[in-house]
Amino acid sequence: MTVADKDLELVTLTERQRKARRNRSVAIGVALAALVIVFYAATIVRFGHHGASLTGSGLFGGG
């Protein structure tokens, strides 16, 4: 333990603050999961028709 660790003041959260922190964490997690799902769905829609043939008129423009 260093001198800086001894001088560090720990904050004790109230029950209300802990609940608010947990709610924020859950909201951020849900928003992140929703964003992942949206990106996944957009990728499937975007590349769904060209998935079998990436070289023929797909990603690489051969045609």
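Trainee: Is Phe39 buried or exposed, and why?
Mentor: Phe39 counts as exposed because its relative accessibility is 53%. Exposed means over 50% relative accessible area, buried under 20%, and partly exposed in between, with a 1.4 Å probe and protein chains only. This is a predicted model, where local features need pLDDT of at least 70, side-chain atom pairs count only at pLDDT 80 or more, and totals for chains, interfaces and linings use all residues. Residues are numbered from 1 along each chain as its sequence is written, and side-chain values use heavy atoms, leaving out hydrogens and water.

Trainee: Where does Phe39 sit?
Mentor: Phe39 is in helix H2, residues 15-47. Helices are DSSP runs of H or I with at least four residues, strands are E runs of at least two, and both are numbered from the N terminus. The chain has 2 helices and 0 strands.

Trainee: Which residues form the nonpolar patch?
Mentor: Leu32, Leu35, Val36, Val38 and Phe39, with about 490 Å² of accessible area together. Patch residues have over 30% relative accessible area and no salt bridge; nonpolar side chains (Val, Leu, Ile, Met, Phe, Trp, Tyr) are joined within 5 Å, like charges within 9 Å. Areas come from the Shrake-Rupley method with a 1.4 Å probe, and for residues only the protein chains shown count as cover.

Trainee: What share of the chain is buried?
Mentor: Of its 63 residues, 0% count as buried.

Trainee: New topic. How many salt bridges?
Mentor: The structure holds 1. Glu15 pairs with Arg18, their closest N and O atoms 2.7 Å apart. The term needs a side-chain nitrogen of Lys or Arg within 4 Å of a carboxyl oxygen of Asp or Glu.
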